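Okay, everyone, thanks for making time. I'd like to walk you through one protein model, starting with the overall build and then going into some contacts.

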Amino acid sequence: MSQSQGQGHGGSHSLAFRVMRLCRPSFNVDPPLRLDPADLFVGEDLFDDPSAAHPSPSPDSDPNYRSRFLLHHFSDAMGLSGLLVLPQSFGAIYLGETFCSYISINNSSNLEVREIIIKAEIQTERQRILLLDTSKSPVESIRAGGRYDFIVEHDVKELGPHTLVCTALYNDGDGERKYLPQFFKFIVANPLSVRTKVRVIKETTFLEACIENHTKSNLFMDQVDFEPAQCYSATILKGDGHHSEKDSPTRETFKPPTLIRSGGGIYNYLYQLKTSSDGSAPTKVEGSNVLGKLQITWRTNLGEPGRLQTQQILGTPAAKKEIELQVVEVPSIINLQKPFMLKLNLTNQTDRELGPFEVSLSQNASYGERVVMINGLQSMVLSQVQALESTNFHLNLIATKPGIQRITGITVYDSREMKSYEPLPDLEIFVDMD
């Protein structure tokens with residue numbers, strides 16, 4: 001419990017506030033250094049004085065300090081003495097923590113004060129939060145030399161300067177009504193920083209979150225969950241561990257917290273995002289996709305909790321395709337020089353009617369020698385496709401070489417708008433000799 005002196009208005013007052021921050025103690029850590037027991041009684045100068053009587057060495061005596069770094073017990077390596085240390089200062093207050101304060105209002109006069117109305121509030125640059133108000137039930141009296149104590153709590157949600165304002169309106173010993181304000185200022189710092197990277201590979205988005213610890217104590221991360229936007233589903237990706245740990249139901253029930261060390265320790269999380277099957281369009285914010293936000297909870301060495309939520313994480317703008325061409329079915333057996341049917345699906349992803357279309361194989365020379373060709377007319381006509389609807393069709397093809405071959409350059413052309421769309425990705429097939 002650390003104390004803080006506040007600023008108040010001048011003048012004579014019978015009452016005064018004292019604010020003490022309630023926080024948990026810390027471990028007392030001693031370096032595992034050894035001393036000679038004789039030093040506690042006779043000092044080091046004894047061995048420099050030949051006339052002095054030398055005490056008989058004890059069995060544990062080590063005047064040359066040769067074993068001062070030896071660990072005589074396994075607990076010596078930790079340096080923990082078994083004692084706890086109470087905080088000696090107001091300490092650092094971090095975003096996401098709960099600020100808890102023990103406030104005492106003392107009567108330092110020789111007379112009793114009566115009808116005390118006490119208020120306590122937190123002021124920030126943006127708002128004022130009332131923590132305590134006894135207006136409806138004033139404290140009846142505080143005797144001479146007595147005090148009135150109370151505890152207030154506040155979930156810290158803003159960075160920067162904060163002021164705890166404590167006020168008292170009371171009748172002093174002479175019956176005069178007096179007003180006492182006192183101000184206790186503190187700064188709220190950021191306990192951690194979150195840096196993100198977004199990579200898009202085909203239809204999958206990968207989000208990397210790097211969390212760095214800026215506090216002076218270790219943070220044990222209970223939860224770092226990504227809450228995706230409505231149009232996404234998210235999965236956390238982890239490295240493969242030992243199979244006994246990986247498949248253990250106990251490990252899933254009792255998840256060990258992730259340690260991020262004090263003073264700049266970092267830990268990386270990787271999430272895989274995929275578009276939901278409902279096909280809803282990504283939400284746009286200032287021209288970018290909203291991916292979602294991180295929910296982070298942690299505890300310190302002695303279990304003090306903290307919780308933060310990041311702002312919305314934005315991805316790169318996604319240019320939505322007007323149409324999507326997909327392979328629905330490939331024949332299980334494809335024979336050399338014999339026609340086969342490739343089943344395809346064309347989807348109109350816009351809110352207007354598109355088409356008619358022509359489906360053909362691109363004549364671009366970059367595809368090189370074409371082994372699989374259209375059997376018959378070199379272009380196939382498809383009728384118009386209504387908004388947000390799709391149509392299935394079959395393309396008649398023939399392979400001219402055996403083995404593993406590729407179907408390349410299947411292209412869709414909009415006859416009305418006179419524009420070509422991106423070709424279908426190459427498709428590998430196996431062509432049998434017979």
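**Group meeting: a walk through the model**

So, the protein has 2 helices and 34 strands. Those come from DSSP runs, numbered from the N terminus: helices are H or I with at least four residues, strands are E with at least two.

Before the details, some housekeeping. This is a predicted model, so local features need pLDDT of at least 70 and side-chain atom pairs count only at pLDDT 80 or more, while totals for chains, interfaces and linings use all residues. Residues are numbered from 1 along each chain as its sequence is written, and side-chain values use heavy atoms, with hydrogens and water left out.

Now, how much of it is buried? Of the 434 residues, 36% count as buried. Buried is under 20% relative accessible area, exposed is over 50%, and partly exposed is in between, with a 1.4 Å probe and protein chains only. On contacts, meaning heavy atoms within 4.5 Å: taking those with a separation of 6 or more, residues 24 or more positions apart account for 73%.

Let's go inside. In soluble globular proteins, nonpolar side chains tend to be buried together. Here the largest nonpolar core has 50 residues, and those with the most contacts inside it are Leu-15, Phe-17, Ile-103, Ile-116, Leu-164 and Met-221. Apart from that one lies another core, of 28 residues, including Leu-325, Leu-354, Phe-357 and Ile-429. By a nonpolar core I mean a set of buried Ala, Val, Leu, Ile, Met, Phe, Trp, Tyr and Cys residues joined through side-chain atoms within 4.5 Å.

Next, aromatics. There are 4 aromatic pairs in the structure. The rule is that rings of Phe, Tyr and Trp (its six-membered ring) pair if their centres lie within 6.5 Å; planes under 30 degrees apart count as stacked, over 60 as edge-to-face and the rest as tilted. One of the pairs is Phe-99 with Phe-186, which is stacked, at 4.9 Å centre to centre and 25 degrees between the planes. Phe-99 sits in strand 7 (residues 98–107) and Phe-186 in strand 13 (residues 177–189), so this pair ties together parts that are 87 residues apart in sequence. Phe-99 is buried at 2% relative accessible area, and Phe-186 is buried too, at 7%.

On to charges. How many salt bridges does a search of the whole structure find? It finds 14, where a salt bridge is a side-chain nitrogen of Lys or Arg within 4 Å of a carboxyl oxygen of Asp or Glu. Take Glu-322 and Lys-419, whose closest N and O atoms are 3.3 Å apart. Glu-322 is in the loop between strand 23 (313–315) and strand 24 (323–329), and Lys-419 is in strand 33 (residues 419–420), so the pair ties together parts 97 residues apart in sequence. Glu-322 is partly exposed at 22%, as is Lys-419 at 29%.

Glu-353 also forms a salt bridge, with Arg-416, at 3.9 Å between the closest N and O atoms.

Not counting residues up to four places away in sequence, Asn-348 touches Glu-322, Glu-353, Leu-354, Val-385, Gln-386, Ala-387, Leu-388 and Glu-389. Asn-348 is in strand 26 (residues 340–348) and is buried, at 2% relative accessible area. Its side chain makes a polar contact with the side chain of Thr-350, at 2.7 Å. A polar contact is a pair of N or O atoms within 3.5 Å; within protein, one must be able to donate a hydrogen and the other to accept it, and residues adjacent in sequence count only if both atoms are side-chain atoms.

3 strands form an open sheet in the order 25-34-31, with mixed pairing. The edge strands are strand 25 (334–335) and strand 31 (403–407), each pairing on one side only. Two strands pair if DSSP finds at least two bridges between them; strand 31 and strand 34 (residues 427–432) are antiparallel over 5 bridges. Arg-406 has Glu-428 in strand 34 as its bridge partner, and these two also form a salt bridge, with the closest N and O atoms 3.7 Å apart. Glu-428 is exposed at 54%, while Arg-406 is partly exposed at 48%.
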